[in-house]
Each structure stands twice: as structure tokens, then as C-alpha cells.
Amino acid sequence: MTTFADTMEQLDLAEVDARIAAATEQDVARALARERRTIEDLAALLSPAAAPHLEQMARRAAALTEQRFGRVIQLYAPLYLSNECVNKCTYCGFSHELPITRRTLSVDEVLRDARILHDEGFRHLLLVSGEDRRHVGMAYLIDVVRALGTLFESIAIEIQPLREEEYRRLVEAGVDGIALYQELYDAERYNLYHVAGPKRHYRNRLLAIEAAARAGMRSLGIGTLLGLGHWRREAWCLGLHARHLMRHFWQSRLAVSFPRIRACAGDYTPDLPVTDPEFVQMLCAMRLFLPDAELVLSTREPAHLRDGLLGIGVTRMSAGSRTDPGGYTAADHAGEQFEIEDGRSPAEIARLIEARGFEPVWKDFDRAFVAPGPP
Ligand code: SF4
């Protein structure tokens with residue numbers, strides 16, 4: 001099987017830019033009219049020529065989302081295990097050289113935060129950490145997942161890339177999903193921001209999600225971090241990556257994210273900021289190209305935008321998030337990864353979802369679905 005890392009090595013990004021720039025309004029109209037859209041259609045929908053058709057794109061995206069997913073929004077919460085990190089990423093508050101208070105939660109501390117999230121109603125948990133195997137290694141992860149036991153119906157991880165057999169051990173322990181964002185598909189620009197540590201290895205990072213899929217992860221999350229690269233090009237590559245994974249690992253569900261960079265320790269400001277209308281165009285284009293993928297919107301985005309995007313294409317949202325280890329029980333949030341924009345509580349977000357005619361879903365998966373049956 002050709003890996004997506006092989007595909008990216010052969011891809012000419014200047015040619016991708018040229019395809020997007022050359023798209024006409026006729027190309028956009030053709031893309032909008034199609035039942036199943038091609039990668040050429042995605043280029044048209046991401047192009048400047050599509051900007052005047054944003055309203056039409058949003059209507060089609062909303063209809064398609066309702067047809068495939070119904071009127072539901074799944075809620076999840078991140079739980080930060082550790083802000084230790086061996087990498088130097090210039091945009092991140094956990095970057096190795098920053099003088100923040102470093103901390104890794106004990107298993108008991110993880111349980112304390114987890115119980116708060118459980119009491120708030122969450123049944124989908126995302127365990128997040130910086131990348132440092134000395135603090136967040138396999139034994140620790142397995143202890144954490146076992147201790148969480150049956151509190152949550154779904155446990156996903158967003159941690160350093162692992163080997164296939166390590167992913168397999170985590171699946172056996174009870175992890176069913178992974179989020180591993182490439183951050184930037186443009187390999188040259190990738191090197192500008194990932195200046196030291198194992199994350200510099202662009203290809204290794206790209207290969208890891210396929211290892212996780214082979215190991216049996218039921219949910220695969222990919223994403224690009226907006227603000228680092230040229231967004232149209234990044235979005236096109238993200239779409240191509242999504243389609244690759246959906247074709248080769250059709251047993252897993254795909255979730256796609258495109259978080260925008262927020263303020264953090266180190267005061268990084270994005271080199272290539274993405275405006276709200278550009279963000280909406282990207283979200284609509286992604287829904288039209290990937291009718292069956294989950295589209296994820298985190299609390300990185302401001303409340304007004306999250307409210308406006310409800311129903312257009314998003315199917316999964318975080319709520320009430322903290323981005324520091326122990327953040328749900330701590331009095332101060334000194335060691336956070338970035339500042340969240342939407343600080344409303346999970347209950348407020350659930351009420352808003354209901355008020356907009358959608359159902360907030362705290363659980364759409366049951367471990368019993370994948371538990372081994374009687375011999
Ligand atoms: S982005 Fe991830 S790998 Fe990079 S410094 Fe932050 S936590 Fe570490």
C-alpha cells in the first residue's frame with residue numbers, strides 16, 4: 001500500500017497552488033452541483049472564485065450534514081495529562097524551552113479531573129499530553145486507561161506518535177481513538193516551526209496515524225493547525241489525507257480538525273492568520289468533499305463563530321475545556337497550552353445546541369460494541 005507520506009513526497013505544492021488559483025466560477029458551480037466531489041472539486045471550493053458563493057456552500061453543507069448525521073452534535077472533553085515536552089515548536093505554550101510550571105498528573109489526579117468531567121455529563125474523553133515518553137510512557141498510559149475503567153464509553157489519545165504494537169497495547173487497554181495532527185502538510189514550512197526534538201521528523205509523524213489504524217483504532221483524527229501555512233493549500237492536502245485514510249482504513253471513522261492558533265506562553269502570533277470568512281469557506285468545502293467525516297470544532301474558536309457554525313457542518317465539539325494538566329481542579333492555570341476562546345460551561349453549550357434544534361450527544365458509542373463476544 002502506498003502511504004500518505006509517499007504521496008506527499010511526490011506532490012508538487014506549487015502545482016496545487018496553481019490549480020486552486022486557476023479555478024473559475026464555472027468550476028465552483030460544477031463542484032456544487034455534483035453528488036460526489038473529486039479532489040479537483042475541492043480545489044475549486046477552496047479557491048478565491050468560491051468566496052462569493054459562500055452562502056450556497058453553507059446551505060449545501062448544512063443539508064449534507066443533516067442527511068448523513070442527523071441533527072446531533074457530539075460533545076467531548078480534553079483531559080491534559082502532562083505539559084512536559086521534548087520538542088521545540090515555536091507556536092506552542094508547552095515548547096521545551098519555555099519556563100512554564102511543568103507537571104504530569106498522577107493516576108489519582110487524572111481520576112479527580114475525570115470524575116468532574118463525568119459529573120458534567122461527558123462520556124467521550126480525549127487524553128492529551130505534550131510529547132515526552134519519560135513522563136507519559138506506555139506503562140503510565142495503560143495505568144491511566146485502566147483506572148478510568150468504565151467511567152467513559154470512549155477514550156481517545158492525543159499524544160506523541162507511537163509504534164504499531166504500542167497502539168495495539170493501548171487498544172487492548174481500552175483506547176478506541178487517536179488524534180494526531182500533522183499541523184502542517186507543507187514540509188518546508190513544517191521545518192520552520194518544528195525546530196528541535198523528534199517532531200522534526202515530518203515523515204514519521206505522517207506515518208504514525210496509519211500505524212494506529214492498523215492497530216485497530218476505531219476513530220482517527222487528523223488536522224492542520226491554521227496560521228502556520230497557506231490555508232487553501234493546507235486544506236487541500238488535509239482533504240487528500242482524509243480521503244486516503246478513508247479508502248485504506250474504511251473500518252475506522254475519520255474526524256477532521258482545523259484549529260486556529262491561539263495566544264499562548266511564548267507570545268507566538270500566527271504568520272499567516274486565517275479570517276473568519278476563510279475559516280467558514282474551508283469548513284464548508286471540507287463537508288462538501290467529505291460527507292461522511294466528523295468535523296470537529298474546539299473551544300479554540302470564539303463563541304460567536306461556534307454558534308454560527310452549529311448546523312453547517314460541525315458534528316463534534318469540545319466544551320468547558322481546560323488546557324493545563326489538572327485544569328479542572330486547579331485554582332490557577334499557569335501551565336496551559338493555549339488560551340481557549342469559548343469559556344462557556346458544558347451545560348451552557350448543551351442548552352445552546354438544544355435551542356438551535358439539535359441534540360447534544362454525550363455518548364454515541366458503547367464499549368459493548370467492540371467487546372469480545374462469548375466463546
Ligand atoms: S505542539 Fe505538541 S510537540 Fe510541540 S511543543 Fe506543543 S505539546 Fe510539544
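**Core, helix and ligand shell**

Mentor: The largest nonpolar core has 108 residues, and Leu 45, Leu 79, Ala 212, Val 256 and Ala 285 have the most contacts inside it. This is a predicted model, where local features need pLDDT of at least 70, side-chain atom pairs count only at pLDDT 80 or more, and totals for chains, interfaces and linings use all residues. Residues are numbered from 1 along each chain as its sequence is written.

Trainee: What makes a set of residues a nonpolar core?
Mentor: Its members are buried Ala, Val, Leu, Ile, Met, Phe, Trp, Tyr and Cys residues joined through C-beta atoms within 7 Å, the C-beta atoms being placed from the backbone.

Trainee: Why is Glu 183 called buried?
Mentor: Buried means 20 or more other C-beta atoms within 10 Å of a residue's own (exposed is 12 or fewer, partly exposed in between). Glu 183 has 24 within 10 Å, so Glu 183 is buried. Its place is in the loop between β5 (177–179) and α9 (187–193).

Trainee: How do you know that the span of helix α12 agrees with its 14 residues?
Mentor: The expected span is 1.5 Å times one less than the number of residues. For α12 (residues 276–289) that should be 20 Å, and the end C-alpha atoms are 20 Å apart, so the two agree. Helices here are DSSP runs (H or I, at least four residues), as strands are (E, at least two), numbered from the N terminus.

Trainee: What covers the buried residues of α12?
Mentor: The cover includes α4 (39–46), α5 (54–69) and β8 (253–257). Among those buried residues are Ala 285 and Phe 289.

Trainee: Which residues are around the ligand?
Mentor: Those with a C-beta atom, placed from the backbone, within 6 Å of it count; they include Cys 85, Glu 131 and Lys 199.

Technical notes
Contact = placed C-beta atoms within 7 Å.
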